[in-house]
Amino acid sequence: MIQEFLIAKDTEDALKLKRNNPRSVFYAGGTEINRLNSTVDAKTAIGLSKLGLDSITDEGGSIRIGSMVTLQQLVDSDSVPQWLKDAALFCGSFTKRNMATIGGNMAMCSDHSYLAPALLASRARVLTATITEEGSYNEDNMPIREYHAYHTLFSGTLLLGFLISKDSRFVGSLRYANTLQSQAAVTVGFGATKNGEGVIDHVRVFAAVKGIGLQRLPSVENAIENGELTTKQDVQISVGHEVEAKDDTTGSSSYKRYIASVGIAQLFSNFISGGVK
Ligand SMILES: Cc1cc2nc3c(=O)[nH]c(=O)nc-3n(C[C@H](O)[C@H](O)[C@H](O)COP(=O)(O)OP(=O)(O)OC[C@H]3O[C@@H](n4cnc5c(N)ncnc54)[C@H](O)[C@@H]3O)c2cc1C
């Protein structure tokens with residue numbers, strides 16, 4: 001339970017406060033930190049509101065989204081692609097969308113994440129800041145798949161923002177929950193590009209499965225790129241074999257495997273037929 005709230009002056013100050021305070025966490029919108037039965041257990045919160053990370057900037061070839069941008073800002077922005085607005089709208093509560101941030105959501109990489117499957121499918125880049133034990137401050141720019149693959153290694157890392165390329169990439173995500181307000185059993189993300197000769201490349205397939213985690217499905221990605229999976233049915237069968245699931249209150253493992261496979265197959269089909277980006 002949070003007992004102390006410190007407000008960081010700048011990004012370096014935030015990292016120093018985090019390093020110098022045991023059991024501390026960065027505090028963005030606070031919607032997960034303050035949630036009943038939250039997964040975040042900390043004594044000290046380090047507020048990020050003064051860091052100037054709450055804007056969306058058009059940088060020509062890409063869009064830069066600060067980590068403190070709220071889900072509602074994503075929905076309201078003219079620069080943000082539709083696939084990211086759709087993912088932000090998976091959060092059904094307007095009040096929560098006004099508080100919850102893109103950085104807080106990605107930092108969790110949770111098994112019911114609103115945004116992570118779509119962001120990972122998009123091949124966004126993540127902007128981070130770290131500080132060494134000796135106090136040397138560093139900023140980095142890395143592929144989002146790396147942030148996900150080595151997530152536990154980034155626990156002290158401050159997310160500064162995200163770079164979303166404006167290339168003509170298909171990205172889509174779908175969420176399956178009992179109601180808009182319920183935690184999702186499965187949220188899937190699919191992204192791919194097709195060149196002038198129709199060659200499919202840079203396929204990304206992710207599934208957040210409640211009780212298991214946020215999974216990448218590399219065999220499905222490779223099989224699509226190699227032309228081994230060409231139809232919606234092929235993709236559905238392949239995802240059903242690769243995705244991991246387990247029974248819990250959101251559904252049985254076979255139900256979750258089924259909806260993950262149907263969802264990804266549908267997104268693949270939308271991509272093949274040149275559907276909405
Ligand atoms: C009723 C309820 C239902 C919810 N359902 C869902 C759901 O279905 N799907 C879902 O994804 N989320 C859900 N959430 C959780 C939460 O609302 C979202 O994940 C939200 O996007 C978290 O963002 P935040 O800014 O509020 O994060 P915070 O609560 O401020 O922080 C969450 C975590 O991220 C870390 N963090 C925050 N910002 C940064 C940063 N810039 N750099 C590094 N680490 C950072 C914090 O230290 C903390 O560990 C739910 C919350 C509530 C209250």
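**Close-up views of a predicted model**

**View 1. Strands S2 and S3 of the parallel sheet.** S2 pairs with strand S3 (residues 44–47) in the parallel sense, over four bridges. The model is a predicted one, in which local features need pLDDT of at least 70 and side-chain atom pairs count only at pLDDT 80 or more, while totals for chains, interfaces and linings use all residues. Residue numbers start from 1 along each chain as its sequence is written. Helices (H or I, at least four residues) and strands (E, at least two) are DSSP runs numbered from the N terminus, and two strands are paired if DSSP finds at least two bridges between them. Within this pair, Ser24 has Thr44 of S3 as its bridge partner.

View 2. Axes are lines fitted to C-alpha atoms, for helices over the stretch in contact, and angles run from 0 to 180 degrees between N-to-C directions. Contact between two residues requires C-beta atoms, placed from the backbone, within 7 Å.

**View 3. The antiparallel sheet of five strands.** This open sheet has the order S4-S5-S8-S6-S7, with antiparallel pairing. Its edges are strand S4 (56–58) and S7, each with a single partner strand, so one side of each is left without a neighbour in the sheet. The twist from one strand to the next averages 20 degrees. H1 packs on this sheet as well, touching S6, S7 and S8, and the direction of H1 makes about 60 degrees with that of S6.

View 4. Strand S6 (residues 125–131) and strand S7 (residues 137–143) are paired in the antiparallel sense over seven bridges. Arg125 stands opposite Pro143 in S7. The two strands S6 and S7 form a hairpin with five residues between them, and Gly135 in the turn has a positive phi of about 95 degrees. S6 also pairs with S8 in the antiparallel sense, over five bridges. In that pairing, Ala129 stands opposite Leu158 in S8, and Val126 has Phe162 in S8 as its bridge partner.

**View 5. The surroundings of the ligand.** The ligand is surrounded by 30 residues, of which Ala28, Gly29, Gly103, Gly104 and Asn105 are the closest. A residue is near a molecule or strand if its C-beta atom, placed from the backbone, lies within 6 Å of it. Two or more residues of the shell come from each of S2, helix H4 (94–99), helix H5 (102–108) and strand S8 (158–165). H5 gives the most, with five residues. By class, the shell divides into 15 nonpolar, twelve polar and three charged residues; Ala, Val, Leu, Ile, Met, Phe, Trp, Tyr, Cys and Pro count as nonpolar, Asp, Glu, Lys and Arg as charged, and the others, Gly among them, as polar. At least three residues of the shell are drawn from each of domain 1 (4–47) and domain 2 (56–165).

View 6. The chain is assigned domain 1 (4–47), domain 2 (56–165) and domain 3 (170–272), with bounds from an automatic or database domain assignment. The centres of domain 2 and domain 3, taken over C-alpha atoms, are separated by 21 Å. Their contact takes 19 residues from domain 2 and 24 residues from domain 3. On the side of domain 2 that touches domain 3, helix H3 (82–88) and helix H6 (116–122) each supply at least two residues, and H6 gives the most, with six residues. The residues of this side of domain 2 divide into nine nonpolar, seven polar and three charged.

**View 7. The packing of helices H9 and H10.** Helix H9 (residues 232–242) and helix H10 (residues 253–272) pack at an angle of about 145 degrees, and their axes are 8 Å apart. Among the residues that meet are Val235 and Val239 in H9, and Tyr258, Ile264 and Phe268 in H10. The residues of this contact divide into eight nonpolar, four polar and two charged.
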